[in-house]
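Dear colleague,

I am passing on the structure below, followed by notes on what was found in it. Please read the notes with the structure open beside them.

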Amino acid sequence: MNPYILAILLFGLGLGTTITFASSHWLIAWMGLEMNTLAIIPLMTQHHHPRAVEATTKYFLTQATAAATLLFASITNAWLTGQWEIQQICHPLPSTILTLALALKIGLAPLHAWLPEVLQGLDLTTGLILSTWQKLAPFALILQINPTNSTMLILLGLMSTLIGGWGGLNQTQLRKILAYSSIAHLGWMILILQFSPHLTLLTLLTYFIMTFSTFLMFKLNNSTNINSLATSWAKAPALTSLTPLLLLSLGGLPPLTGFMPKWLILQELTKQGLAPTATIAALTALLSLYFYLRLSYAMTLTISPNNLTGTTPWRFPSTQLSLPLALSTSMTICLLPLTPVATALLTP
């Protein structure tokens, strides 16, 4: 892709998110979301492959449906209350429709079916943008409207953690596994949203860090399925030895960074008198942990049958910058001792 066109598209992505962040009017926020969607579509189709075109079409139709529902709900709210302010959602009907529209935009269960299919058709770089940056603007709106229907949020959160764990069990494609991991993490964020928005923000930031390092690691090894992970020892042995720690951090295993948000969320749910909800959420986390352990096992304890003894796989030197990967990997593994600092910074 022409670097000027790429710069314009990335600028459009950033501008769309910034407009949504800065807006207090529903129409302006909707415009920002539309700019976001339209800017990423050329990035998704830059590799002219039938799977990429299919994934782009699915993504466009889903996002257009969510945007139309969002516009309908905001107009309904203006009709019922006379307010266009984002934070003035006081009627339960538009509040519920807006929450479901934003859930469709980010891929919460049961509105999740598009996310694994779309992510599977993309390259790892565009998949990383879709898994991280594209969730910022809808989450900013969810945090601002602060939905009042607590039962619906808890059901959405528990269903997402359950489907995110269950759906990834039988997958062999790494991008689909990361998509189901995204659904599960989004479930944890929505589960705690109404009780502690700053914990939702902390979970979102830690998820971004962990996903960034995992995508960069798969990109460096050029791995797209579980079988290709077994050959990564010959490509980057030092990084391959750290990769199981990244995956287990995504699963939320102590003493890694991914344990921090889960620990704080379970603690807050128990404080709110929702011990059964916390128990179910903790049990669904075991499903996610299983497929991360499966990936770790494939990397550390198996040898690819295609890798002949004494033969090193031919590869060109990687042109990927190592500093972002080194920083994100260190943060993914070592941030748990800084939990008091993180909670102090994010607590209002």
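UniProt, in an unreviewed entry, lists residues 23-287 as "domain: NADH:quinone oxidoreductase/Mrp antiporter transmembrane"; UniProt positions follow the numbering used here, feature names are shortened, and annotations may be inferred rather than shown by experiment. This span is 76% helix and 0% strand, with its end C-alpha atoms 39 Å apart, where helices (H or I, at least four residues) and strands (E, at least two) are DSSP runs numbered from the N terminus.

The model is a predicted one, in which local features need pLDDT of at least 70 and side-chain atom pairs count only at pLDDT 80 or more, while totals for chains, interfaces and linings use all residues. Residues are numbered from 1 along each chain as its sequence is written, and side-chain values use heavy atoms, with hydrogens and water left out.

The unreviewed UniProt entry also annotates "transmembrane region" at several places, including residues 151-170 and 201-220. In the model, residues 151-170 are 85% helix and 0% strand, with 30 Å between the end C-alpha atoms, and residues 201-220 are 100% helix and 0% strand, with 29 Å between theirs.

Turning to charged side chains, a search of the whole structure finds four salt bridges (a side-chain nitrogen of Lys or Arg within 4 Å of a carboxyl oxygen of Asp or Glu). Arg51, Glu54, Lys58, Glu117 and Lys176 are linked in a network of such bridges. Within it, Glu54 pairs with Arg51 at 3.9 Å between the closest N and O atoms, and because these two are three residues apart in helix 3, about one helical turn separates them. Glu117 meets Lys58 at 3.8 Å, N to O, and this pair links distant parts of the chain, since Glu117 is in helix 5 and Lys58 in helix 3, 59 residues apart. Glu117 also bridges to Lys176, with the closest N and O atoms 3.4 Å apart; Lys176 lies in helix 9 (residues 174-192) and Glu117 in helix 5, so this pair ties together parts that are 59 residues apart in sequence. Lys176 is buried, at 18% relative accessible area, whereas Glu117 is partly exposed at 30% and Lys58 partly exposed at 29% (buried means under 20% relative accessible area, exposed over 50%, and partly exposed in between, with a 1.4 Å probe and protein chains only).

The structure also holds four aromatic pairs (rings of Phe, Tyr and Trp, the last by its six-membered ring, with centres within 6.5 Å; planes under 30 degrees apart are stacked, over 60 edge-to-face and the rest tilted). One of them is the tilted pair of Tyr59 and Trp114, at 5.8 Å centre to centre and 55 degrees between the planes, which links Tyr59 in helix 3 (residues 50-81) to Trp114 in helix 5 (residues 114-120), 55 residues apart. Both Tyr59 and Trp114 are buried.

Finally, Thr257 sits in the loop between helix 13 (237-251) and helix 14 (259-271), and is buried, with a relative accessible area of 1%. Its side chain reaches the backbone oxygen of Thr332 at 2.8 Å. Beyond neighbours within four places in sequence, the residues in contact with Thr257 include Thr206, Ser249 and Met331, contact meaning heavy atoms within 4.5 Å.

With kind regards

Note on methods
Polar contact = N/O pair within 3.5 Å; in protein donor to acceptor, adjacent residues only side chain to side chain.
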